[in-house]
Amino acid sequence: MRAGSLSSNCTNDGFMDREVFLNVYDLTPFNSYSIWFGFGVFHTGIEVYGMEYGFGAHDYSISGVFEVEPRSCPGFIYRCSISLGLIDISSSEFREFIETMASDYHGDTYHLISKNCNHFTDDISHRLNCRRIPGWVNRLAKFGALFSCLLPDSLESTTVKQLPEYHTYEDGRSDSGSNSSSQEESENGEIDHKILISPTHTSEIAFIKEIPR
């Protein structure tokens with residue numbers, strides 16, 4: 001796998017739309033001001049083969065990697081897209097890759113400072129031999145790692161009070177366990193202020209079913 005030129009093309013061997021994009025979202029309108037000082041609070045997703053992949057938190061030791069329609073991740077404000085290069089693997093090979101990567105990113109391991117969505121997209125891009133994500137995207141987490149003792153506990157982690165729902169990937173393969181889903185309500189019935197992916201939008205996202213290593 002390697003990054004190539006930035007031109008996107010189609011061929012007869014299953015390689016279509018091989019350009020990899022980093023889609024950047026604002027978590028707060030304050031970013032419009034703070035970005036001028038070189039930092040902000042951002043969510044990112046990796047777009048490839050017509051879908052976008054991100055990493056979010058929930059309470060369970062299973063995949064926290066999810067897919068959504070590109071540039072439309074619910075709960076965030078789309079800002080821009082950055083080309084990271086090209087991959088030379090087919091869509092089915094990429095799917096196997098992302099399902100394998102999901103085993104490294106369980107929802108209950110998400111941490112705003114040390115393992116967030118931007119760490120995920122940077123890792124994915126690196127493993128695909130594309131460019132690393134820009135430093136400004138995750139600068140706040142790097143700052144927080146240096147001064148974590150000054151951060152309130154509410155910023156240390158994020159949680160979604162719902163079991164992920166898996167959707168079947170249709171590519172000539174069957175996935176016997178991918179249709180199972182369940183939901184759990186939060187103890188007090190209220191939306192926690194630490195939520196990363198709102199349960200009200202879970203119908204718009206599909207968590208990736210991991211392949212054990």
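## Nonpolar cores

A nonpolar core is a set of buried (under 20% relative accessible area, 1.4 Å probe, protein chains only) Ala, Val, Leu, Ile, Met, Phe, Trp, Tyr and Cys residues joined through side-chain atoms within 4.5 Å. This is a predicted model, in which local features need pLDDT of at least 70, side-chain atom pairs count only at pLDDT 80 or more, and totals for chains, interfaces and linings use all residues. Residues are numbered from 1 along each chain as its sequence is written, and side-chain values use heavy atoms, with hydrogens and water left out.

The largest nonpolar core has 28 residues, and those with the most contacts inside it are Val48, Ile87, Phe94, Ile98, Ile124 and Leu128. At least two residues of this core come from each of β1, β2 (42–48), β3 (51–55), α2 (91–101) and α3 (117–127); α2 gives the most, with four residues. Another core, of seven residues, lies apart from it and includes Val68, Cys73, Phe76 and Ile205. Helices (H or I, at least four residues) and strands (E, at least two) are DSSP runs, numbered from the N terminus.

Seven of the seven residues of β2 are buried, so β2 is largely enclosed by the rest of the structure. Phe42, Thr44, Ile46 and Val48 point one way from β2, while His43, Gly45 and Glu47 point the other way.

Strands pair if DSSP finds at least two bridges between them. β1 and β2 run antiparallel, joined by six bridges, and phenylalanine 21 has glutamate 47 in β2 as its bridge partner. Three bridges join β2 to β3, also antiparallel; valine 48 has methionine 51 in β3 as its bridge partner. β2 and β3 form a hairpin with two residues between them, and tyrosine 49 in the turn has a positive phi of about 50°.

Notes: Buried means under 20% relative accessible area, exposed over 50%, partly exposed in between (1.4 Å probe, protein chains only).
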